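Thank you all for coming.

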Amino acid sequence: MRYLTALALVSLPLIAAGQVSTVEMDFEDPAQFEQWLPDSDQWAVADGVLRQSRSSLNGTCCFLPEAFGDVTVEVRFFIHPTGSGVKAPGLIYRAADENHFYYIHFDSKNSQVVFVRHELGLGWTAGNTHRHRGVAIAAEQWHTARVEVT
């Protein structure tokens, strides 16, 4: 995902063995970051948000404590106006491994939300990508995204 600059609240209602539990993180406690696996040192918790410090790089930060099937993930994100890239935070879900997963991409530069089934070598082809155009995702304001996977 490119340019995920801040993430303030993560709420994960998890369904495992028929039971529903909810994990909420507001990152006010930097120790909550210990449950995440960043792909580089560009991720840190400060002032109650999870921030990606270098917007010129792609980057992911995965929540690892539990494996789950059906899930609802709700996040708040903020896009800084600096830089020239796509500025598109996103959420990865249904990941089988690092090469096979789904994600939703909130593209502020092109005013669209893109759903992608990622497989190594496929790229963004018509068969694995769905674009919802005309969605204004303004920089310099907080947005809330909710993804329900069943």
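Let me begin with a question: does Glu-148 count as buried or exposed? At 53% relative accessibility, Glu-148 counts as exposed, where the terms are set with a 1.4 Å probe on protein chains only, so that buried means under 20% relative accessible area, exposed means over 50%, and partly exposed lies in between.

Before the rest, a word of caution: this is a predicted model, in which local features need pLDDT of at least 70 and side-chain atom pairs count only at pLDDT 80 or more, while totals for chains, interfaces and linings use all residues. Residues are numbered from 1 along each chain as its sequence is written, and side-chain values use heavy atoms, with hydrogens and water left out.

The structure holds three salt bridges, a salt bridge being a side-chain nitrogen of Lys or Arg within 4 Å of a carboxyl oxygen of Asp or Glu. In one of them, Glu-74 pairs with Arg-146, with 3.2 Å between the closest N and O atoms. This pair links distant parts of the chain, since Glu-74 lies in strand β7 (residues 71-78) and Arg-146 in strand β12 (residues 142-149), 72 residues apart; strands here are DSSP runs of E, at least two residues, numbered from the N terminus. Glu-74 itself is partly exposed, at a relative accessible area of 26%.

Finally, Glu-119 forms a salt bridge with Arg-117, the closest N and O atoms lying 2.3 Å apart. Glu-119 is partly exposed, with a relative accessible area of 28%, and Arg-117 is likewise partly exposed, at 28%.

Notes
Helix = DSSP H or I, 4+ residues; strand = E, 2+ residues; numbered from the N terminus.
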